[in-house]
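Here are a few notes to go with the structure, written for someone opening it for the first time. Have it on screen while you read.

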Amino acid sequence: MQPFTTLTAVAAPLPIVNVDTDMIIPKQFLKTIKRTGLAAGLFYELRTDEQGNPKDFVLDRPAYQKAQILVAGDNFGCGSSREHAPWALLDFGIRCVIAPSFADIFYNNCFKNGILPIALPQEQVELLMKDAENGANATLTVDLDKQEITRPDGQKLRFDLDPFRKHCLINGLDDIGLTLQQAGEIDSFEAKRKSAQPWLAA
């Protein structure tokens with residue numbers, strides 16, 4: 001998993017509340033277990049009409065096509081527990097989502113895929129939303145170590161984060177990575193068990 005340390009990037013505004021996982025990645029794109037190629041389905045029903053023609057969706061506008069930060073409304077990621085939702089965001093290039101609140105399962109899935117979800121008070125999200133609406137000039141800096149967001153005018157906003165999740169993101173550790181940190185102890189245990197109970201390995 002790619003580590004998250006400091007990110008300076010364009011922020012895209014998505015002032016919609018209750019964005020559910022089906023809105024993030026519709027069900028017809030769930031046929032794959034690969035984490036790549038899902039960007040085409042990201043917010044598909046918001047980006048296209050019934051004939052598949054593009055609408056004027058924020059992430060398709062020139063100023064936001066390289067956005068890596070999404071500033072969204074309350075209860076982001078609600079609905080089903082599909083892990084394809086953070087996969088699609090990451091495949092597009094989104095590394096950080098800022099909102100007043102998140103659905104629990106989506107929030108947890110973000111950390112397992114290298115995305116930083118930041119919950120801030122509504123009034124602070126509204127400030128960042130206004131910044132994002134300024135287009136490509138609206139770059140925010142997210143410093144995970146200091147737990148700070150720096151606005152275009154230099155103002156810094158603090159955010160809270162669980163220390164364990166922070167550690168995992170900074171070091172690029174998903175569940176497999178955490179397990180592999182104990183590889184030496186696992187190998188030692190297996191060697192001792194094989195010696196004491198050789199029939200188990202027969």
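The points below go from the sheet to the core and then to the salt bridges.

1. A word before we start: this is a predicted model, so read everything here with that in mind.

2. Now zoom in on one pair of strands. β3 and β4 run parallel and are joined by four bridges. Val-97 is a handy landmark, as it stands opposite Pro-117 in β4.

3. Which residues of the largest nonpolar core touch the most other members? They are Phe-43, Phe-76, Leu-89, Ile-98, Leu-116 and Ile-149, out of 55 residues in that core. Elements giving two or more residues to this core include β1 (6-14), α3, β3 (96-99), α4 (104-112) and α5 (122-132). The largest share comes from β1, with six residues.

4. Leu-116 is worth a click. Leaving out residues up to four places away in sequence, Leu-116 touches Phe-4, Arg-95, Cys-96, Val-97, Phe-111, Val-142, Leu-144, Phe-159, Leu-161 and Leu-169. Val-97, from point 3, is among them.

5. On to charges: the structure holds five salt bridges. One of them links Asp-22 and Arg-82, with the closest N and O atoms 3.1 Å apart. This pair connects distant parts of the chain, since Asp-22 sits in helix α1 (residues 21-24) and Arg-82 in the loop between β2 and α3, 60 residues apart.

6. Is Arg-82 buried or exposed? Arg-82 counts as buried because its relative accessible area is 18%, and the cut-off for buried is under 20%. Beyond its neighbours within four places in sequence, Arg-82 is in contact with residues including Thr-21, Pro-26, Lys-27, Leu-30 and Asn-109.

7. A second salt bridge joins the side chains of Arg-47 and Asp-60, at 2.7 Å from N to O. Arg-47 belongs to helix α2 (residues 44-47) and Asp-60 to the loop between α2 and β2, so the bridge ties together parts 13 residues apart in sequence. Here too the arginine is buried: Arg-47 has a relative accessible area of 12%. Asp-60 is partly exposed, at 28%.

8. Last stop: Arg-151 and Asp-153, another salt bridge, whose closest N and O atoms are 3.7 Å apart. Salt bridges with shared partners bring Asp-131, Arg-151 and Asp-153 into one network. Arg-151 is buried, with a relative accessible area of 12%, whereas Asp-153 is exposed, at 57%.

Methods
Residues numbered from 1 in each chain as written. Predicted model: local features only at pLDDT ≥ 70, side-chain atom pairs only at ≥ 80, totals over all residues. Heavy atoms only, no water. Buried < 20%, exposed > 50% of the residue type's maximum accessible area, 1.4 Å probe, protein only. Contact = heavy atoms within 4.5 Å. Salt bridge = Lys/Arg side-chain N within 4 Å of Asp/Glu carboxyl O. Core = buried A, V, L, I, M, F, W, Y, C linked by side-chain atoms within 4.5 Å. Pairing = 2+ DSSP bridges.
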